[in-house]
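The following paragraphs lead the reader through one structure, beginning with a single residue and widening to the chain. Please consult the sequence and the model shown here while reading.

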Amino acid sequence: ITAAIGYGIGWIFYNEDPDKEISEGIPAGLAVYGAVAGLILCICVLTVVKSGIVSIFVCFAEDPAAMKKNHPEEFDTLVQSHPNFDGMAENVPNYDYDDGNVSAPINTTNNASAGIDLVEV
């Protein structure tokens, strides 16, 4: 698309130029620049998408119970996508929030001297 836009801009401005090299060369050059710009933009966007996909798989591998609890439809879709995940899904326990987040306790000591006010939930 960006190559076509580049070519179109070149054709609009340089189509009636009496020099044939300019009337054909400039639109072709702008099409190449447009294609390169489109490729770079596409790579930037798809890198973000790839990072999101990798994050989902890492979260699934690290703690499938949390994904099963918070996103059950996505969990089921992911488990059904590959036959090796079926056995893993059967062994996923229910995620329990009764104790809160015990993996990251809040240290409430000596925070007043740092100017930090913490509220325990």
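Ala 35 has its place in helix α2; here helices (H or I, at least four residues) and strands (E, at least two) are DSSP runs, numbered from the N terminus. The model is a predicted one, in which local features need pLDDT of at least 70, side-chain atom pairs count only at pLDDT 80 or more, and totals for chains, interfaces and linings use all residues. Residues are numbered from 1 along each chain as its sequence is written, and side-chain values use heavy atoms, with hydrogens and water left out.

With a relative accessible area of 37%, Ala 35 is partly exposed, a class that lies between buried (under 20% relative accessible area) and exposed (over 50%), for a 1.4 Å probe and protein chains only. Leaving aside residues up to four places away in sequence, Ala 35 touches Thr 2 and Ala 3, where contact means heavy atoms within 4.5 Å. Ala 35 also lies 9.3 Å from Ile 5, C-alpha to C-alpha, although 30 residues separate the two in sequence.

How do the axes of α1 and α2 cross? The axes of helix α1 (residues 2–14) and helix α2 (residues 20–62) come within 7 Å and cross at roughly 155°; axes are lines fitted to C-alpha atoms, for helices over the stretch in contact, and angles run from 0 to 180 degrees between N-to-C directions. Helix α1 is therefore roughly antiparallel to α2, the term for angles over 145 degrees. In this contact, residues of α1 including Gly 6, Tyr 7, Gly 10 and Trp 11 meet residues of α2, among them Ile 26, Ala 31, Gly 34 and Ala 35. The residues of the contact of α1 with α2 divide into 11 nonpolar, 6 polar and no charged. In this division, Ala, Val, Leu, Ile, Met, Phe, Trp, Tyr, Cys and Pro count as nonpolar, Asp, Glu, Lys and Arg as charged, and the others, Gly among them, as polar.

The cysteines may be considered next. The chain has 0 disulfides, a disulfide being a pair of cysteine sulfur atoms within 2.5 Å. Cys 44 is in no disulfide, since the nearest cysteine sulfur, that of Cys 42, is 9.3 Å away. Cys 44 is partly exposed, at 46% relative accessible area, and Cys 59 is likewise partly exposed, at 48%.

Finally, the chain as a whole comes to 5 helices and 0 strands. Of its 121 residues, 15% count as buried.

Key. Parallel < 35°, antiparallel > 145°, perpendicular 65-115°, else oblique.
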